[in-house]
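Reader: I have the sequence and the model open. Please take me through the packing, beginning with a single side chain.

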Amino acid sequence: MGDLVDVTTLAVALISVAGTLGGTLGGAVLSQRASRAEAREQNRRADRQREQERAEQVQQAKRDLYAQLNTTARAYRVAARDVVKAVERGESPDPGPLDVAKEAWAEQYSQAQMVLAKDVLDVASGLNSALGVGYAVVKHLLADPGDAVALRRAAAWFSGPLSDGVYLLRVTLRHDLGVEAEATFERDRLEMLAALDAARHELGRRVGAAP
């Protein structure tokens, strides 16, 4: 009888120990699973954060490039227009600022060619050609400041078609950045670009500049 009690007591003790160990091990397994799940979620959050930061960096670089492109286009037009206005006043203008503005635009345009979407590049390319013809017009005017026809032609170009071209570039860049979202933008862009190209070809024909 004593032996039976001892065996029973031992069995109960073993069962208790097994239960305790099982509970401990089970809790540890659940804890490890929870820790791994939490780590995976943290990694996913970190990946999303890094992706968002990369996207923001790309967008900021794009905004910076567009701002410089817009700034140099406007500066190029203004420098050329200032030369024309100086001739109108009977002054002898310094072409230096115009050449500096021309080089600044050329550098920004060269960089932009590598990253611009096709519709934006079409506008920038059209404006680049228009600015080039305008530069030829100014050089022609500087060679013969007394040419009244050349003076009127230059003044009309920089206050009309080329001014519209710089405006078109700005609107196109803002639209591509999502700042503007006009429903008729695509139609307006094509119409304005076609008008700029037509005016440029006509002016180039008159002054003998490259198309």
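Author: This is a predicted model. Leaving aside neighbours within four places in sequence, Gln108 is in contact with Leu65, Gln68, Leu69 and Thr72.

Reader: Is Gln108 buried or exposed?

Author: Gln108 is found in helix H2. The cut-off for buried is under 20% relative accessible area. Gln108 has 11% relative accessibility, so Gln108 counts as buried.

Reader: Which element gives the largest share of the largest nonpolar core?

Author: The largest nonpolar core has 40 residues, and those with the most contacts inside it are Leu98, Trp105, Leu127 and Leu169. Two or more residues come from each of helix H1 (2-88), helix H2 (96-112), helix H3 (118-143), helix H4 (148-159), helix H5 (161-177) and helix H6 (185-207). The largest share of this core is eleven residues, and the element that gives it is H3.

Reader: Are H5 and H6 roughly parallel or roughly antiparallel?

Author: The axes of H5 and H6 are 10 Å apart, and the two helices pack at an angle of about 150°. Angles over 145 degrees count as roughly antiparallel. The angle therefore makes the arrangement of H5 relative to H6 roughly antiparallel.

Reader: How do the residues of the contact of H5 with H6 divide into nonpolar, polar and charged?

Author: H5 passes H6 in a left-handed crossing. From H5, the residues in the contact are Pro161, Asp164, Gly165, Tyr167, Leu168, Val171, Thr172 and His175, and they meet Phe185, Arg189, Met192, Leu193, Leu196 and Ala199 in H6. The residues of this contact divide into nine nonpolar, three polar and two charged.

Reader: What pattern does the protein chain follow along the sequence?

Author: The protein chain has six helices and zero strands. Read along the sequence, its pattern is α-α-α-α-α-α.

Reader: Among contacts between residues at least 6 apart in sequence, what percentage join residues at least 24 apart?

Author: Of the 211 residues in the protein chain, 26% are buried. For contacts between residues at least 6 apart in sequence, the share that joins residues at least 24 apart is 75%.

Technical notes:
Residues are numbered from 1 along each chain as its sequence is written. This is a predicted model: local features need pLDDT of at least 70, side-chain atom pairs count only at pLDDT 80 or more; totals for chains, interfaces and linings use all residues. Side-chain values use heavy atoms; hydrogens and water are left out. A nonpolar core is a set of buried Ala, Val, Leu, Ile, Met, Phe, Trp, Tyr and Cys residues joined through side-chain atoms within 4.5 Å. Buried means under 20% relative accessible area, exposed over 50%, partly exposed in between (1.4 Å probe, protein chains only). Helices (H or I, at least four residues) and strands (E, at least two) are DSSP runs, numbered from the N terminus. Axes are lines fitted to C-alpha atoms, for helices over the stretch in contact, and angles run from 0 to 180 degrees between N-to-C directions. Angles under 35 degrees count as roughly parallel, over 145 as roughly antiparallel, 65 to 115 as roughly perpendicular and the rest as oblique. A crossing is left-handed if the near helix is turned anticlockwise from the far one by less than a right angle, and right-handed if clockwise. Contact means heavy atoms within 4.5 Å. Ala, Val, Leu, Ile, Met, Phe, Trp, Tyr, Cys and Pro count as nonpolar, Asp, Glu, Lys and Arg as charged, and the others, Gly among them, as polar.
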